Structure formats: structure tokens, C-alpha cells
There are 2 protein chains.
Amino acid sequence: MADYKAPQKDMNFALSHNARMAELAQLPGFEEATDDMVAAILEEAGKVANEVLSPLNEVGDHTGVKLEGVDVPTPAGFADAYQQFAEGGWGSLQFDPEFGGQGLPYALSIPVMEMWQSANMAWGLCPLLSQGAVEAIFHNGSDELKAKYLPQLVSGEWTGTMNLTEPQAGSDLAAIRSTAKPVGDHYRIKGQKIFITWGEHDMAENIIHLVLARLPDAPPGVKGISLFVVPKFLVNDDGSLGERNDAKCVSLEHKLGIHASPTCVMAFGDDEGAIGYLVGEENRGLACMFTMMNNARLAVGLQGVAISERAYQHALEYAHDRVQSPPVGSREAAPIIQHADVRRMLLTMKTMTEAGRALAYDACASLDFAHHSEDPAIRAKESARAAYLTPIVKGWCTEFAQEVTSLGVQVHGGMGFIEETGAAQHYRDARILPIYEGTNAIQALDLVGRKTLFDGGEAGAAVQAEIAELIEQLQAQGSFAAEATQLQAALELAKTAQAELLNGAKDDVQLAGSVAFNYLMLMGTLCGGWQLLRAALAATAELSEGGDETFLSAKVNSARFYSAQILPRSASYAQMVAAGSESVMTMSDDELASAWYS
Amino acid sequence: MADYKAPQKDMNFALSHNARMAELAQLPGFEEATDDMVAAILEEAGKVANEVLSPLNEVGDHTGVKLEGVDVPTPAGFADAYQQFAEGGWGSLQFDPEFGGQGLPYALSIPVMEMWQSANMAWGLCPLLSQGAVEAIFHNGSDELKAKYLPQLVSGEWTGTMNLTEPQAGSDLAAIRSTAKPVGDHYRIKGQKIFITWGEHDMAENIIHLVLARLPDAPPGVKGISLFVVPKFLVNDDGSLGERNDAKCVSLEHKLGIHASPTCVMAFGDDEGAIGYLVGEENRGLACMFTMMNNARLAVGLQGVAISERAYQHALEYAHDRVQSPPVGSREAAPIIQHADVRRMLLTMKTMTEAGRALAYDACASLDFAHHSEDPAIRAKESARAAYLTPIVKGWCTEFAQEVTSLGVQVHGGMGFIEETGAAQHYRDARILPIYEGTNAIQALDLVGRKTLFDGGEAGAAVQAEIAELIEQLQAQGSFAAEATQLQAALELAKTAQAELLNGAKDDVQLAGSVAFNYLMLMGTLCGGWQLLRAALAATAELSEGGDETFLSAKVNSARFYSAQILPRSASYAQMVAAGSESVMTMSDDELASAWYS
């Protein structure tokens with residue numbers, strides 16, 4: 001199986017030219033995030049990803065995890081790798097120095113996170129979820145809770161989990177039934193949670209579960225859900241570990257992919273009730289959880305980029321090595337990379353991955369501006385921008401990850417279907433991404449509902465204005481006339497689609513749900529072109545100053561390929577949105593099942 | 001896991017209205033293929049598929065196959081099911097009565113074959129390949145060879161395999177190195193073949209391998225390949241089985257899907273050389289193999305339809321059962337089938353499946369006309385039509401099978417990623433389809449090269465003329481104005497794309513390879529709409545005569561959905577074709593790998 005090689009050149013470039021790193025470094029507290037510092041961090045992280053985590057990816061897939069009593073031993077090497085990760089301070093880059101963090105921009109932590117996910121997605125889910133737990137406690141917890149749990153979570157000494165789903169409550173959190181009974185300064189939690197990623201393992205000495213549950217007098221629905229910290233081992237006042245809590249893993253799922261990541265059924269309170277501590281206010285648990293969910297959604301979008309990158313590297317290596325059939329104009333068999341259709345596949349993989357990377361980094365940078373700018377107007381603007389781009393990053397990047405990992409299999413031909421080749425693992429691992437952290441239907445409804453209809457299209461119009469500005473720059477620059485025309489066409493389609501949605505949703509209650517997915521794909525496709533053409537403009541400027549010619553030409557050619565071969569997808573998405581709800585809603589339930597039997 | 005229910009209504013309808021069954025029944029020899037007879041056959045086949053094969057699908061996936069010595073025991077129940085299949089005469093429907101066949105139309109055998117593939121694709125590959133072996137021997141073998149091997153292959157007593165691929169010769173058959181040395185009336189074969197489906201098993205008493213190899217004096221390349229029959233057990237003159245031949249399975253692949261189907265590495269001639277018998281002329285093996293490959297390509301396209309149907313049934317059942325979130329306009333959680341985005345997914349699955357079914361059946365019917373019509377002009381026309389549609393059926397149906405089985409996972413949400421649910425198996429099984437029997441790149445090149453450039457677009461124009469005629473009928477009928485407009489738009493795009501290809505390929509040697517895949521997808525999308533709207537017209541006529549209202553309305557609404565939500569994809573495929581080869585061929589190999597390291 002091909003080793004992972006962290007794409008540091010592209011990461012540095014995307015940080016500089018898509019995520020506005022130089023501007024970020026001027027925000028108070030971020031002075032250290034110079035280009036050199038950023039490059040050095042990526043360099044070091046790349047070593048850990050390439051040399052420590054990547055070699056464990058295949059063995060993790062083969063070995064998987066098993067429940068032994070209430071314990072879940074991880075595959076050989078996983079715990080050691082986690083120790084190296086924690087000792088290297090890799091989990092603490094973006095967190096507040098007050099709790100042991102390094103105070104660096106969130107946007108800088110993102111390529112580092114991407115590396116873990118490319119190198120070993122099953123393993124990488126553990127720090128990804130811990131990060132979410134830190135955010136939930138940091139933004140919502142009491143000072144006492146923060147002091148007690150954050151330092152060890154930030155340092156990586158402990159890991160964290162998110163416990164939302166119950167058998168009857170997947171996408172529908174209103175249906176949560178787990179209960180929390182107040183007892184003095186704490187609560188007793190009872191209930192079963194499913195699909196709890198890294199809910200039990202042997203990589204860290206404690207696990208801090210964040211659990212949604214209902215108080216006895218809670219109102220029904222989402223307004224009656226509270227958030228609790230439920231540690232695996234109770235924590236004494238001096239920080240030492242106390243008794244084992246009444247919270248345990250009772251079974252593991254047998255999954256299509258990410259085999260090394262334990263997906264647990266967690267039983268809270270089989271005996272006297274698990275001891276938990278309230279995070280934030282009573283009945284405000286969903287809002288607290290959303291502070292971790294939004295970042296987690298960006299991180300899952302980034303996983304889409306990460307697994308696509310891995311699949312691309314894998315396929316590219318094979319395309320260089322595999323000799324088969326004479327290419328056009330030759331009589332000798334040659335490496336298949338010389339065949340036009342293989343190039344089409346590789347370029348589709350490469351350019352969508354780089355487009356998604358640039359978009360994800362840019363969205364994350366908006367969060368840094370939103371949290372750290374001293375100008376309230378900028379904070380508001382960037383906050384809305386990040387909120388708008390989040391469902392696009394999660395939805396679009398995880399959708400194209402399906403296509404890219406499938407192309408990765410296809411480039412390998414028959415070998416792609418053989419598990420030992422490794423391409424199939426990426427394909428299997430990637431399949432969870434459109435599902436967890438809010439299915440892509442949820443993302444699409446978020447984009448259409450809260451992020452477009454709710455604000456009358458304001459956030460969307462702001463992004464569209466940025467794209468229009470880029471088109472002017474492209475036209476002024478002169479060498480991207482065809483690409484500017486393609487991007488302009490896609491932009492017009494997006495504007496029309498947004499107008500159709502704003503005009504039509506009032507009178508047609510089914511419109512939003514019927515068109516949401518294709519609307520999201522339209523916006524993702526457009527935003528991908530926007531980001532790659534931003535990069536191409538910057539690369540052209542650097543080329544004229546004598547930069548790294550191969551890399552910079554590739555950035556230009558990636559944008560040209562994407563404009564010619566991927567942006568045209570906008571046309572079909574736009575037509576599907578324009579077709580509205582009628583064809584989606586007309587067929588009856590009986591008709592859907594009418595083809596069987598004579 | 002959801003049971004399979006053979007969609008006999010849709011199959012009967014597609015045979016009648018897309019595959020012109022009534023006309024077929026007027027061909028000499030096909031008089032028995034009346035509507036009632038067809039329905040009765042599908043009814044009986046449906047029982048075997050639903051009750052015998054479908055229940056073995058999951059256990060086959062879990063158990064898989066293992067090599068024990070040189071034997072490959074199949075999962076419990078597989079051999080019994082095969083006995084029932086053979087005893088029921090299910091493998092002999094379309095074959096010549098001279099060799100024990102039932103002399104029915106090939107088009108009628110196709111829905112039956114579809115059922116096996118839906119019910120249990122891993123198992124179904126065994127009869128699928130046996131059928132190919134029958135065709136290769138029937139069309140190319142000597143009378144003696146036919147008499148010795150066909151009756152038992154037709155009856156299903158023995159099974160057959162295709163042995164093309166070698167490690168260095170996948171898509172590139174010119175690179176085949178296996179050798180055949182003439183010794184008296186037979187040959188001694190030596191060489192290793194890989195990816196041999198059902199190359200060894202315990203379901204039948206003999207296995208007839210069809211093997212490509214080179215004679216000592218053979219010219220290089222594809223013009224030096226000959227085809228041989230190599231039985232597992234030699235066959236005595238009285239038909240009894242003799243000695244074990246020097247041909248054996250030496251290992252099995254560990255695959256992403258179709259776990260119950262043994263994918264063998266076959267060693268021919270480890271000792272004195274495997275005894276083989278020439279099929280057809282020396283050095284004409286590739287032509288002989290193509291008589292079986294073309295039908296096998298249609299059959300693999302049909303597997304795309306079949307696995308899509310299974311995934312759809314699975315998802316539809318879950319969507320009825322799973323209660324989650326209040327739909328628009330309600331405050332109570334309801335089955336997710338009521339959510340617009342779930343309907344969008346289900347309708348995408350259903351309509352692409354039915355479009356592919358109608359197209360595949362229609363293409364197969366053309367083969368019947370090509371072989372059995374008494375009019376040479378019709379034979380020529382239908383033969384060209386079948387040849388044109390074959391790569392579209394194989395390529396497009398296996399591509400949409402990826403999308404449909406992925407949507408099948410997605411409809412299940414988190415449960416879709418859990419293996420026990422069964423949706424993931426369809427997704428894994430389906431992934432082989434764009435690869436084997438000629439990758440979809442090969443199909444696309446076949447469509448663009450031999451089937452379009454080679455005949456100056458004649459076969460394509462003939463199909464386009466049929467579509468234009470349908471558009472006139474739709475306009476005349478009156479209730480499909482919007483759909484006629486959509487189909488017309490897609491037709492114009494296809495015509496333009498064909499003209500671009502014919503005009504451009506002379507001066508741009510990379511054009512064909514660069515655009516082939518998207519060209520195939522454009523034609524598939526168009527042909528799917530054509531077939532569904534043919535069906536919708538017929539359904540409308542039957543509705544006015546008081547037919548099965550639910551089923552017939554569903555046919556109409558399927559066509560409407562496809563026109564509104566799937567046909568628009570033509571626009572993007574056409575733009576990608578129009579973009580030509582430049583963006584595909586510009587980026588250098590170095591640029592493709594330029595993103596790594598700083």
C-alpha cells in the first residue's frame with residue numbers, strides 16, 4: 001500500500017492564499033504564526049503523519065477492535081502513536097494557553113488535523129472528537145469544570161467523546177430519552193447511547209464523555225435537552241483519578257470501514273446511575289453541543305479532503321508503476337498514467353481534493369477572524385461567512401470523497417477490488433463521511449434553511465460578491481478569460497437558484513427539502529472553482545516572480561481543469577433545483593413499491 | 001436484511017414495451033414466447049430467486065470462500081441452490097434445442113438472469129459465466145467440441161469460466177503469455193491466469209475453462225492469441241469423466257465484495273501441461289472470445305441494474321419502517337419516506353434502475369432480431385444497434401449502480417454503515433461492476449472508437465432517429481410536453497457531442513480518450529430518458545384502457561422524475577465533452593505529484 005506523503009506545499013499555499021494566513025498573523029495573539037513558523041509546524045506534523053500514523057492504517061483495518069469484558073484494546077501500535085501525538089503537543093495547537101494550549105490560529109491546526117485523517121482516519125477520529133469535547137467545555141463549562149477537565153483534554157492525556165445518538169434518535173435529537181437526575185452538586189445519568197466513536201479504548205487513561213440527557217422536569221423536544229460531562233473515571237479534587245463511573249461500553253459495531261475506530265454502544269447508569277456534571281445551563285444542551293458540532297462538521301468535511309488526498313496519492317503511484325497497453329501514438333505498452341482517461345480520473349481526484357482543501361481552510365480562517373478580530377463588524381461578517389460555508393464544506397467535500405475514493409479504486413483496475421491493494425480501504429472508510437456529524441441531507445437543509453432562507457440570502461450574497469470580485473480580477477489579469485467565463489456562468493446559476501429558493505419556498509413547503517441536496521452541490525461546485533481560481537491567480541503572480549515552477553504551474557493547470565471539467569456540473573445541479581418539488585413529491589408511497597410481483 | 005422480491009411487473013412491462021416482445025414472438029422459432037408464457041416463466045424464476053437464492057446472499061458474504069488444498073468449498077446452501085437451478089432448466093432458456101436448450105428468446109432469459117444477480121450476485125456469476133462459455137463454444141467450436149461439451153454446459157451439469165487475464169495482461173490482452181503446444185489432436189497449455197471467477201468450486205462435477213494462449217509460432221499481439229477448451233476433468237468419448245487435468249486453483253483473492261464468488265489464480269500446466277482443445281481457428285482466439293464477451297458485457301450491465309434493484313428494495317423498506325423527525329407541516333415524527341430528500345434519493349434509485357432495465361432488455365432484444373429475423377436488412381440494422389448499445393448498457397448501468405447502492409447506504413443513515421444491515425454489502429458487491437468484463441474506460445473507448453468514429457456516427461444517428469421519433473409521439477400525445485422538451489434538449493446535446501467527436505478526432509489524437517467517459521455517460525443518460533418515456537407513453541395508453549393504475553401511474557411518474565431530475569445531467573456531460581482534451585492533457589506528470597513536501 002502506498003505510503004502517505006503530507007502535501008505540505010499545497011497546504012502552505014492554501015493557508016497563504018486561501019486562508020489569508022498573513023492577515024491572521026496580524027490578529028492579537030497570533031503574532032507567532034509567521035510563514036516560517038507555519039511551515040515548520042507542518043513539516044514536523046508531516047513526519048508524525050508519514051512515519052508513525054500512516055504505517056498503522058492498513059493493520060488497523062485488518063485487526064479492527066474487539067470488546068474484551070468492558071475494555072477495548074486497540075490495534076498494535078495505536079496507543080504508542082497516540083502517546084507520541086500527545087507528547088508532541090499536537091492536540092493543543094489552537095487552544096487557549098490558560099489551559100495548556102499553544103494559542104495558534106484554528107486555521108493552522110486544520111492542515112495538521114488533515115494529516116492525521118489522511119494518514120489514518122480511524123485513529124484520527126480520536127483526537128478529532130477530543131477537540132470537540134474541549135470546545136464544548138471551553139465555551140460552555142463553568143470555571144470549575146474547565147479547571148478540572150480542560151488541561152488533560154488539551155494535553156491529550158485524556159480523550160473526549162460526543163454522546164448524542166440513541167436508537168430512536170439519530171438525526172432527530174428531539175427524540176432523546178436518556179435521563180439525568182440531580183443529586184447534590186452532580187447528576188445521575190441513565191440511558192443508552194449508540195454510534196459513540198472512541199467511546200472506549202486503551203490509548204489514554206481517562207475518557208471524558210459529553211452526554212445529552214433530559215432532566216426530570218424538562219420540556220419535550222430539543223428545548224428539554226441538557227449537556228453533561230461524564231468521565232469514565234471520576235476525577236478527584238487533586239486531579240487524580242478516582243472510582244470507575246457507571247458508564248461502560250457494552251458492544252461494538254461491525255462496520256463497512258474505519259475498522260480500527262471503536263464505535264460503541266454505551267450504557268450509562270446500568271447500576272446506580274453514571275455521575276455527570278452539567279455543562280452550561282439546564283435545557284440548553286443542544287446549543288452547547290452545537291459549539292462542538294459546528295467545528296466537528298468542518299473537521300468531517302476536512303476528512304473528506306484527507307481521504308481523497310490519500311486515495312489520490314495511492315492511485316497516482318499505481319498509475320506510474322502499472323504498465324499496460326500502448327498509449328495513443330505509440331506501439332509500446334506504457335505506464336497507464338499516459339492514457340487520457342487515467343489522467344482524467346487523476347485530475348478529477350487531484351483538483352476536487354485541492355478545491356476542497358482550499359475551501360475548508362478558508363472557512364476555518366473565517367472562524368479565527370470571527371473570534372479574534374478586534375473589529376465587531378469583521379467578527380460578525382466572518383462569523384456569518386463561516387456559518388454559511390460550514391454545511392458546504394461538510395456536505396460537498398464528503399460527497400466528492402465518495403467519487404474520488406471510487407476513482408481511486410477504478411484507476412487500479414482489477415487490483416482495486418483486492419483488499420491487499422489498499423484502495424478499497426479508503427473507499428470503505430470514506431463511506432461514513434456523508435452520514436455522521438449530521439447527514440448530508442441535514443447539511444443541505446441547514447444551508448437552505450438557517451443559512452439562506454432565514455437571512456434572506458444575505459450570507460450567500462456576500463460569498464457571491466467575493467466570487468464576482470475574483471471574476472473581475474481574473475478578467476483584469478488576462479490569462480484566465482475562459483475560466484472567468486466558466487466561473488461567471490456558475491455564479492449566475494447559483495444566484496438564480498438562490499432567488500428561486502427565496503421566492504418559491506414561501507408558497508411551496510416541499511421546495512426546500514426537495515432541492516436542498518442539489519443546491520448544496522451547486523454551491524460546493526461553485527465554491528471549489530472560486531478557491532482554485534483564487535489560487536491560480538496567486539500562483540501566476542508567484543510564477544512571474546520566479547517561484548517553484550512545477551508546483552505553481554500545477555496550481556494554474558488544476559484550476560483550468562476544474563473550470564473545464566468540474567464547473568460544468570453546475571449546469572445540471574441548477575436545472576435540478578429549478579425543477580422544484582413536483583417531480584419529487586408526486587409519486588405515492590404505493591407507487592414506489594408497485595413494480596413487484598405480477 | 002430485506003428480502004428480494006422479483007419486480008415481475010416491471011420486468012413484464014419492459015419486455016412488452018421496451019424489448020418488443022410481441023414482435024419477437026413472431027420470429028421463426030419464438031412462437032412459444034407469448035405474454036402468458038413469459039409471465040409464467042418470470043413467476044417461477046421469481047420463486048427461485050426470492051426463496052432460494054436471496055436468503056443465501058448474506059451468509060455467502062459473511063462466510064466467503066477458502067482454498068482447501070486445490071478445492072474450494074462453497075458456503076452452505078450454495079451447491080443445493082445450484083442443483084435446483086440446474087434441475088429447473090434455468091440455465092438453458094435461450095440455448096439451441098439441439099444441445100438441450102429451450103430455444104426461447106435471449107431477451108426473455110435476461111430478466112431471469114437479472115433475478116439471479118439481484119438475489120445473490122456472488123452466486124449468480126457462476127451461471128453468468130457458464131452462459132458465456134456456451135456461447136463461445138456454440139459460435140466457434142467444431143461439431144465434435146459442441147457435442148462433447150455443450151449439452152452438459154447447457155443443462156448446468158457443468159459450469160464454465162473465462163480465462164483471459166494474466167498479471168501483466170489486464171485490459172491489454174496483447175500482452176498474454178500463456179502458451180499452447182500442439183500434441184496430436186490436442187494442445188498442452190501452460191501459464192498462469194488471474195481473476196478467474198468461479199475457477200474452482202464444488203457446485204458442479206466439472207468445470208470447463210475457456211483459456212486464451214499463444215501457439216509456438218504465433219505472431220505477437222492480439223493476432224497471435226488462440227482460444228482453448230480446458231476441462232477440469234478430461235471427458236471420455238462416452239461422455240463420462242476421466243482424469244483430472246493439469247489445471248488447478250492455487251489461490252483465492254481477498255476482495256472488497258462478492259465474497260462468496262471464488263476469484264481464482266489458476267495454474268495451467270504446472271506439471272506436464274494442461275490438455276486443451278482449440279476453439280475456432282488458430283490465432284483467432286480474440287474474435288472467438290468476443291462472441292462471449294459482448295453478451296457478458298450486456299450481462300454485467302444487467303448486474304448493475306440487478307444490484308440497484310436490490311439496493312432500492314432494501315432502502316425502500318427501511319424508509320417505510322424508520323420513524324424519525326416530523327416531516328414538513330407536521331409535529332410528529334414519521335417514517336422517513338415522508339421526507340422530501342429521502343424521496344429524492346429513492347426516486348433517483350428507482351428511476352435509474354428502471355431506465356437501465358428497459359435499456360438493457362431492449363439491447364438484448366436487438367440481438368434476438370439480429371440472429372433470428374429472416375430479413376437481412378433487419379439483421380444488419382439490429383446487430384449494429386445492439387453493438388452500439390452494448391458499451392452504454394455496460395458502462396452507464398454499472399456507473400449508476402455505484403450511485404444507487406451508495407444512496408441505498410445513505411437512506412439507512414448510520415445503520416447503513418453497519419454490515420449487519422446489509423446495505424453495505426450491495427455497495428461493496430457493486431464496486432466490481434465498472435471494472436470487470438472490460439473497465440468502463442474500455443467501454444467508453446469502444447463506444448467512441450469502434451461504435452462511433454469507425455462508422456462515421458451511423459449507429460449513433462440511428463438511435464438518435466428513434467429518439468427523435470419518440471419526441472414526435474410525445475408531442476402528439478400532448479401530456480408530456482415538458483418531458484419532450486427535456487428529451488429534445490438532451491438529444492441535441494448528444495448530436496452536437498457526436499459531431500464534435502467526428503470532427504475533432506482527426507486532428508486531435510487525444511480527443512477520443514479524453515472525452516470518452518463523459519460521452520458514454522451523456523449517451524447513457526439520454527438513452528435512459530428515451531426508454532422511460534417510451535414506457536410512459538405505453539403506460540398512459542394502458543391507463544386509458546383501465547390497466548393497473550398504481551403500477552402504470554408509477555411508470556408515468558418515474559419518467560417525469562427522470563426527465564426533471566436526471567436528464568439535466570446531460571448538460572454537464574455535454575460541456576465536459578465540448579471542453580475537449582486540452583485541460584486533460586496539459587498537466588505534466590511532475591505537476592501531478594508536485595504538492596508533496598515543502
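**Two chains and the surface between them**

In this predicted model, chain A superposes on chain B by a rotation of 180 degrees with 0.0 Å of shift along its axis, and the RMSD is 0.0 Å. Such a relation is that of a two-fold axis.

How many residues of each chain take part in the contact between chain A and chain B? On the side of chain A there are 104 residues, and they are in contact with 104 residues of chain B. Of the interface residues of chain A, 100% are interface residues in chain B as well, so the copies meet through the same surface.

The size of an interface is often expressed as the accessible area that is lost when the parts come together. Between chain A and chain B the buried area is about 9,200 Å², and carbon and sulfur atoms give 60% of it. The residues of chain A that lose the most area to chain B are A:Phe417, A:Leu592 and A:Trp596, which together account for 9% of what that side buries.

Between chain A and chain B, 44 residue pairs are in polar contact, counting pairs with both residues at pLDDT 80 or more. Helix α17 of chain A, residues 549-566, supplies 10 residues, the largest share of the side of chain A that touches chain B. By residue type, that side of chain A divides into 43 nonpolar, 37 polar and 24 charged residues.

Side chains of opposite charge can pair when their charged atoms come close. Two salt bridges are found across the interface of chain A and chain B. The side chains of A:Asp589 and B:Arg343 form a salt bridge, at 3.0 Å from N to O.

Over all chains, the structure holds 54 salt bridges. One pair within chain A is A:Arg357 and A:Glu309, whose closest N and O atoms are 2.8 Å apart.

Two spans of chain A carry domain annotations. In an unreviewed entry, UniProt places "domain: Acyl-CoA dehydrogenase/oxidase N-terminal" at residues 79-157 of chain A. That span is 71% helix and 0% strand, with its end C-alpha atoms 12 Å apart. For residues 162-268 of chain A, UniProt lists "domain: Acyl-CoA oxidase/dehydrogenase middle", also from an unreviewed entry. Here the span is 0% helix and 49% strand, and the end C-alpha atoms of residues 162-268 lie 13 Å apart.

Terms used:
Residues numbered from 1 in each chain as written. Chains lettered and ligands numbered in written order. Predicted model: local features only at pLDDT ≥ 70, side-chain atom pairs only at ≥ 80, totals over all residues. Heavy atoms only, no water. Contact = heavy atoms within 4.5 Å. Buried area = accessible area lost by both parts, 1.4 Å probe. Salt bridge = Lys/Arg side-chain N within 4 Å of Asp/Glu carboxyl O. Polar contact = N/O pair within 3.5 Å; in protein donor to acceptor, adjacent residues only side chain to side chain. Helix = DSSP H or I, 4+ residues; strand = E, 2+ residues; numbered from the N terminus. Nonpolar A, V, L, I, M, F, W, Y, C, P; charged D, E, K, R; others polar. UniProt positions renumbered as here; feature names shortened; annotations may be inferred. Least-squares fit on C-alpha atoms with pLDDT ≥ 70 in both.
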